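Here is a short briefing to read with the structure open beside you.

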Amino acid sequence: MDSRYADQNVIQHLLGEAQTWAFVGLGNHPRRTAYEQARLLQSRGRRIIPVHPAAETVLGEPGYASLSEVPEHLDVVAVYRRSEYAGESVDEAIAVGAGAVWLPLDVIDVAAARRAREAGLDVVMNRCPGVEWALRGPS
């Protein structure tokens, strides 16, 4: 995989500056990775927005069925879906004008990442926000 999707400057910027994170695939399931990562970022002062077809409230935040329903700007869209479904979430992030997309460990879609970069979004792929935070922490 291309190292441009693990640019340390981009990772540092997103962890340090991005305040509003939509988590695609975040449901009310505390043992799932999306829940753990959303809770971690929320505990670090970030606003998290659950995006899941059930549109349920998670971690005290109201949920939305799709990114297009979220009524505010999204700094980062974290895509917690299997790789074969990640592209449609990336395309939706592009369509809503998100600032970045973050595809966690083992979620890899190079074509979607390329589309996001070409649209001007920052892209991180195959990295865990919690691990990256522990390694660097925000500036």
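In this predicted model, Glu-61 touches Gln-42, Arg-47, Ile-48, Pro-50 and Glu-56, leaving out residues up to four places away in sequence.

- Glu-61 sits in the loop that runs between strand 2 (47-51) and strand 3 (76-79).
- Is Glu-61 buried or exposed? Its relative accessible area is 16%, so Glu-61 is buried, the cut-off for that label being under 20%.

**Ser-89 in helix 3**
- Ser-89 belongs to helix 3.
- Ser-89 counts as buried because its relative accessibility is 4%.
- Once neighbours within four places in sequence are set aside, Ser-89 is in contact with Val-24, Leu-67, Val-79 and Arg-81.

**Helix 3 against helix 4**
- Helix 3 (residues 83-96) packs with helix 4 (residues 110-118) at an angle of about 5°, and their axes are 9 Å apart.
- That angle makes helix 3 roughly parallel to helix 4, since angles under 35 degrees count as roughly parallel.
- Which residues make the contact? Helix 3 brings Gly-87, Val-90, Asp-91 and Ile-94, while helix 4 brings Ala-112, Arg-115 and Ala-116.
- By type, the residues of this contact between helix 3 and helix 4 divide into 4 nonpolar, 1 polar and 2 charged.

Key. Residues are numbered from 1 along each chain as its sequence is written. This is a predicted model: local features need pLDDT of at least 70, side-chain atom pairs count only at pLDDT 80 or more; totals for chains, interfaces and linings use all residues. Side-chain values use heavy atoms; hydrogens and water are left out. Helices (H or I, at least four residues) and strands (E, at least two) are DSSP runs, numbered from the N terminus. Buried means under 20% relative accessible area, exposed over 50%, partly exposed in between (1.4 Å probe, protein chains only). Contact means heavy atoms within 4.5 Å. Axes are lines fitted to C-alpha atoms, for helices over the stretch in contact, and angles run from 0 to 180 degrees between N-to-C directions. Angles under 35 degrees count as roughly parallel, over 145 as roughly antiparallel, 65 to 115 as roughly perpendicular and the rest as oblique. Ala, Val, Leu, Ile, Met, Phe, Trp, Tyr, Cys and Pro count as nonpolar, Asp, Glu, Lys and Arg as charged, and the others, Gly among them, as polar.
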